[in-house]
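Here's a guided look at how side chains meet within and between two protein chains. Have the structure open and find each residue as you read.

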Protein chains: 2
Amino acid sequence: MRPKIYLFGDSITEFSFADGGWGSALTNHFTRKADVVVRGYSGYNTRWALKVIERVFPPSEEREAASPLAVTVFFGANDACLPDRYGAFQHVPLHEYKQNLISIVTFLKKKWPATRILLITPPPIDEEGRLQNPYVPNPLNEPERTNDAAGAYANACIAVAKECGVSVIDIWTKMQQVPGWEKACLSDGLHLTRNGNTIVFEEVVKRLEEEGLSPETLPADLPLFSEMDSTNPLKAFEKL
Amino acid sequence: MRPKIYLFGDSITEFSFADGGWGSALTNHFTRKADVVVRGYSGYNTRWALKVIERVFPPSEEREAASPLAVTVFFGANDACLPDRYGAFQHVPLHEYKQNLISIVTFLKKKWPATRILLITPPPIDEEGRLQNPYVPNPLNEPERTNDAAGAYANACIAVAKECGVSVIDIWTKMQQVPGWEKACLSDGLHLTRNGNTIVFEEVVKRLEEEGLSPETLPADLPLFSEMDSTNPLKAFEKL
């Protein structure tokens with residue numbers, strides 16, 4: 001009855017319902033219009049995403065009458081871990097990342113031809129922030145991710161979007177337009193602050209609007225209080 | 001694959017994904033363990049809820065393998081509108097409210113016998129806050145809701161929970177234990193502030209834990225990064 005919007009990605013998607021998160025904001029934005037379903041998998045890269053994609057979007061879902069309105073695909077921050085630093089086990093070479101993203105888009109397009117697919121590039125990296133927040137011991141004191149590497153993956157993501165004919169948000173570039181983006185948008189050099197979350201939220205809303213998806217264009221799930229007749233509220237339920 | 005927790009109620013449920021909302025917090029709390037699905041209908045009372053309950057929880061949902069883990073049922077704030085004030089069209093007499101709540105619980109129990117049902121009483125009312133925030137013209141300048149009336153509906157809700165053998169959160173009493181609860185917990189005399197949302201979130205978590213539902217006891221959806229072998233991360237996906 002209420003269509004879905006899936007958020008598929010890594011920790012930046014998984015954590016999107018933490019305080020001030022872009023997933024919560026999106027749920028609130030589409031209140032009574034769509035269900036926002038989070039499918040974020042912390043630490044995952046596109047290689048691992050492809051290992052699980054058929055379980056994330058199982059065939060049984062197809063029994064549901066309607067395909068989802070949209071799926072955001074937000075991977076790359078982990079693929080872009082440098083191959084010679086402590087995050088090497090998450091690293092995926094650039095050419096494979098590109099191919100994997102294409103496979104993810106192809107899977108979704110085949111499954112749900114009418115669903116809007118929205119790629120999101122990895123965010124920029126604040127290398128100083130990463131040094132202060134290693135998730136495993138980091139005796140060399142070198143960041144496991146660099147902003148340059150993230151930028152290369154962002155460009156690859158944009159190229160895939162173009163190649164596949166789907167929308168893309170270049171959050172890597174967008175965030176770096178914010179003065180002091182390193183601390184303003186990123187809490188640990190990688191994950192999003194409230195400000196960073198707001199930027200992602202606003203960009204997703206803007207892009208979905210461009211694709212014709214907004215609360216204004218979607219039907220409400222059940223009669224809205226604002227449209228009910230206070231002299232005869234039960235009338236609203238007669239036509240259901 | 002991921003079980004659901006439904007939030008069924010009025011605006012206090014519908015708005016639970018706004019900034020600092022208890023629905024978002026619950027989604028984040030059950031990350032990778034359960035999907036929190038919001039089914040809040042602003043302005044609705046139990047009479048209207050019963051008109052739509054079969055559409056909110058349609059038979060098709062039963063095709064899904066598993067019944068939801070839990071359903072919160074959070075109505076009464078609108079039923080408790082006074083019958084002689086501007087919110088009269090939302091008013092439901094106390095005895096009917098009680099009967100309607102029983103019908104809602106009965107419907108859910110019949111549909112999903114194993115699902116935990118968690119009633120939540122209406123919150124307290126700050127009458128001064130209501131006077132400042134009428135949603136229709138209020139020339140008499142009298143609040144459309146009183147705290148006493150809300151308390152009577154809260155007591156009826158508690159009685160229904162006892163009668164039906166389901167859990168209940170007495171948020172009416174709990175919030176009034178907060179010093180300055182009128183402004184600390186309520187933004188307009190009725191809806192929840194960030195503090196008020198936190199109280200609801202914590203109470204729901206506590207009650208679900210008592211019923212055996214917590215992130216610790218639920219299986220994760222797909223391998224967790226924290227449990228992966230960094231020397232052979234792909235091993236985690238072999239057993240899927």
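## Rings that pair up

How many aromatic pairs does the structure hold over all chains? There are 35. Rings of Phe, Tyr and Trp (its six-membered ring) count as a pair if their centres lie within 6.5 Å; planes under 30 degrees apart are stacked, over 60 edge-to-face, and the rest tilted. Take Phe8(A) and Phe57(A): the ring centres are 5.2 Å apart and the planes meet at 85°, so this pair is edge-to-face. Phe8(A) belongs to strand E1 (residues 4-9) of chain A, while Phe57(A) sits in the loop between helix H3 (46-56) and strand E3 (70-74) of chain A, so the pair ties together parts 49 residues apart in sequence. Helices (H or I, at least four residues) and strands (E, at least two) are DSSP runs, numbered from the N terminus. Both Phe8(A) and Phe57(A) are buried; buried means under 20% relative accessible area, exposed means over 50%, and partly exposed is in between (1.4 Å probe, protein chains only).

Now hop over to chain B. Tyr97(B) and Tyr153(B) make a tilted pair, with 5.1 Å from centre to centre and 55° between the planes. Tyr97(B) is in helix H4 (residues 94-111) and Tyr153(B) in helix H6 (residues 147-164) of chain B, so to speak a link between distant parts, 56 residues apart. Tyr97(B) and Tyr153(B) are both buried.

## A charge over a ring

Rings can also have a charged group over them. That label applies if NZ of Lys or CZ of Arg is within 6 Å of the ring centre and within 35 degrees of the ring normal. In chain A, Lys111(A) has its charged end over the ring of Trp112(A), 5.1 Å from the centre. In chain B, Lys111(B) lies over the face of Trp112(B), at 5.1 Å from the ring centre.

## Where the chains meet

A word on the ground rules: this is a predicted model, where local features need pLDDT of at least 70 and side-chain atom pairs count only at pLDDT 80 or more, while totals for chains, interfaces and linings use all residues. Residues are numbered from 1 along each chain as its sequence is written, chains are lettered from A and ligands numbered from 1 in the order written, and side-chain values use heavy atoms, with hydrogens and water left out.

How many residues does the contact take from each chain? Chain A gives 43 residues and chain B gives 43 residues, where contact means heavy atoms within 4.5 Å. About 4000 Å² is buried between chain A and chain B, and carbon and sulfur atoms give 62% of that. Buried area is the accessible area (1.4 Å probe) that two parts lose on being put together, summed over both. In chain A, Arg55(A), Phe89(A) and Phe225(A) lose the most area to chain B, together 16% of what that side buries.

Chain A and chain B share six salt bridges, each a side-chain nitrogen of Lys or Arg within 4 Å of a carboxyl oxygen of Asp or Glu. In one of them, Asp35(B) meets Arg39(A) at 2.7 Å, N to O.

## Salt bridges within a chain

Over all chains, the structure holds 35 salt bridges. Lys183(A) and Glu128(A) form one at 3.1 Å, N to O. This pair links helix H8 (residues 181-184) and helix H5 (residues 127-131) of chain A, with Lys183(A) and Glu128(A) 55 residues apart. Lys183(A) is partly exposed at 46% relative accessible area, and Glu128(A) is partly exposed at 47%.

## Asp221(B), one to click on

Asp221(B) forms a salt bridge with Arg2(B), the closest N and O atoms being 2.8 Å apart. Asp221(B) is in the loop between helix H9 (194-210) and helix H10 (235-238) of chain B and Arg2(B) in the segment before strand E1 (4-9), so the pair ties together parts 219 residues apart in sequence.Asp221(B) is buried, with a relative accessible area of 5%, and Arg2(B) is buried at 8%.

What does the side chain of Asp221(B) make a polar contact with? The partner is the side chain of Tyr41(A), at 3.0 Å. A polar contact is a pair of N or O atoms within 3.5 Å; within protein, one must be able to donate a hydrogen and the other to accept it, and residues adjacent in sequence count only if both atoms are side-chain atoms.
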